[in-house]
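Have the sequence and the 3D view open as you read.

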Amino acid sequence: MSDKDTIAAIATAYGIGSICILRLSGSKAYDIALEFSKKKALKPRYATLSKLYKKDGTFMDEAIILYFKAPFSFTGEDVVEFQTHGGFAVCRLILDEVLSCGARLANPGEFSKRAVLNGKMNLLKALSIQELISAKSINSAKIIARSLKGDLNKLLEKIRLDLVKTISFVETSIDYADDDLPKDLLAEIEKMCFDNANTLKKIYDLSKSRQGLIKGFKIAILGKPNVGKSSLLNKFLAYERAIVSNEAGTTRDFLEEELLLGTHLVRIIDTAGIRKADDKIEKKGIEFSKAQLKEADIILAIFDNSRAKDSEDDELLSLLQKSDKKIFYILNKCDLENNFKADINFLKLSVNEDISSLKTELIKYLDSLDSTDILVSNQSLLQAFKNAYEAIFRAKDLLDESSLELFSFELNLAIKEIAKFTKDFSYDELLDEMFSNFCLGK
């Protein structure tokens, strides 16, 4: 490894803080640490308090140095961490000095990339770490932590091994047709394909339907003009985010804000009032409002208790009834005389006074969606799941003695999709499985 392979980066967020961590990885990391600290040696995995000096002898800071000797480190290389006092100026001063000593600035994610390339973790764990760092709610953190714990990796590795063993049997039957094979082999292989493909498909379908638990639920407020949509958004946010006016069509575009409901991250969208309109801009906003029936996870459909139901209300109700989304029907302005008549189980409230009953119902519903099952948030991994189970289902349909080569081809595709995130599939591994069932001395 050459000197240029030593990388450095500040591992804590920029800003004022008590501690700043600067991390080095590579062949020169240890030598740089000795030069900075004027120490003769550093004991691996021990915290050493030391003054830090520039090359010209100028004092920079007093810090804790942690040395992790290869291969027992995060990246699998020599790693040194300097825990200095926080603050942009101190961190930048030390980083600049490190770079002048032969290290280079690390690229985004390069420490984790080296950990993957050096076999310290697989790609699945690396992705889980990054997503855990980016988690915006307790729920998403819990779900991602299960992947980080290894539950998903164990499941994928089991499926991968099942597929490798299956291919070994198939390849054996193709190349060594005269040897005895286990009875009912085709039936066993068919069951393996069915079970593993269904497992992958179940995780894929559940993950797609529960993305709101990880990414945040999208809640759209729909209704006619002047029914209280913008007032409802303001009430959720506890400040005047949307303009409220008695003039119809005030909201022509959409407003979107994030907040926490219980432990759930949600994005609430205030949409343009749905009605018949001639204004081109307002019509565009209404089209967006209707599109939310497909795009949002939850719909808050709000109606005006003080006005009699009309044809525009009927049209909106018809659109809502055709939707497959979770819909909360809200009857607003219930502090006024009841004029809106409809055979619907409304949640009755007055947006300008109190919406605690709505918040309670929303939190109850969101809590019911929480899952202890394995969920996947990374889109690349989700696509790999889809590609894998589709290939296994195709292989299952090709499972007869005249199509074993095609069966093997499809199963290899599935293994490659899974192995992107777990463990590379080698020909030696296939041979080990192929010959492990042969008799001794054969």
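This is a predicted model: local features need pLDDT of at least 70, side-chain atom pairs count only at pLDDT 80 or more; totals for chains, interfaces and linings use all residues.

Residues are numbered from 1 along each chain as its sequence is written, and side-chain values use heavy atoms, with hydrogens and water left out.

**Cores**

Start with the packing. A nonpolar core here is a set of buried Ala, Val, Leu, Ile, Met, Phe, Trp, Tyr and Cys residues joined through side-chain atoms within 4.5 Å; buried means under 20% relative accessible area, exposed over 50%, and partly exposed in between, with a 1.4 Å probe and protein chains only. The largest such core has 34 residues, and those with the most contacts inside it are Leu-163, Leu-200, Phe-385, Ile-392, Phe-407 and Leu-411. At least two residues of this core come from each of helices H6 (151–175), H7 (185–209), H13 (379–397) and H14 (404–419), with H13 giving the largest share, 9 residues. Helices (H or I, at least four residues) and strands (E, at least two) are DSSP runs numbered from the N terminus.

Which residues does Leu-200 touch, leaving aside its neighbours within four places in sequence? Counting contact as heavy atoms within 4.5 Å, Leu-200 meets Leu-156, Ile-159, Phe-385, Ala-388, Tyr-389, Ile-392 and Ile-418. There is also a second, separate core of 31 residues, with Ile-143, Ile-144, Leu-261 and Leu-375 among them.

Two strands pair if DSSP finds at least two bridges between them. E1 pairs with strand E2 (residues 19–25) in the antiparallel sense over 4 bridges, and Ala-9 has Arg-23 as its bridge partner in E2. E1 also runs parallel to strand E6 (residues 104–105), joined by 2 bridges; here Ala-8 is partnered with Leu-105.

**Helix H2**

In helix H2 (residues 88–100), Cys-91, Ile-94, Leu-95, Glu-97 and Val-98 are buried. They cover an arc of only 160° around the axis, so they sit on the same side of H2; the arc is that of the directions from the helix axis to the C-beta atoms. Just after H2, Gly-102 takes a positive phi of about 115°.

**Salt bridges**

The structure holds 20 salt bridges, each a side-chain nitrogen of Lys or Arg within 4 Å of a carboxyl oxygen of Asp or Glu. Three of them are listed here.

| Pair | N to O distance |
|---|---|
| Asp-310 and Lys-224 | 2.8 Å |
| Asp-304 and Lys-333 | 3.1 Å |
| Glu-410 and Arg-394 | 3.0 Å |

Asp-310 is partly exposed at 29% relative accessible area, whereas Lys-224 is buried at 9%. Asp-304 is buried at 5%, and Lys-333 is partly exposed at 23%. Glu-410 is buried at 11%, while Arg-394 is partly exposed at 37%. Elsewhere, Glu-77, Arg-104, Glu-110 and Arg-114 are linked in a network of salt bridges.
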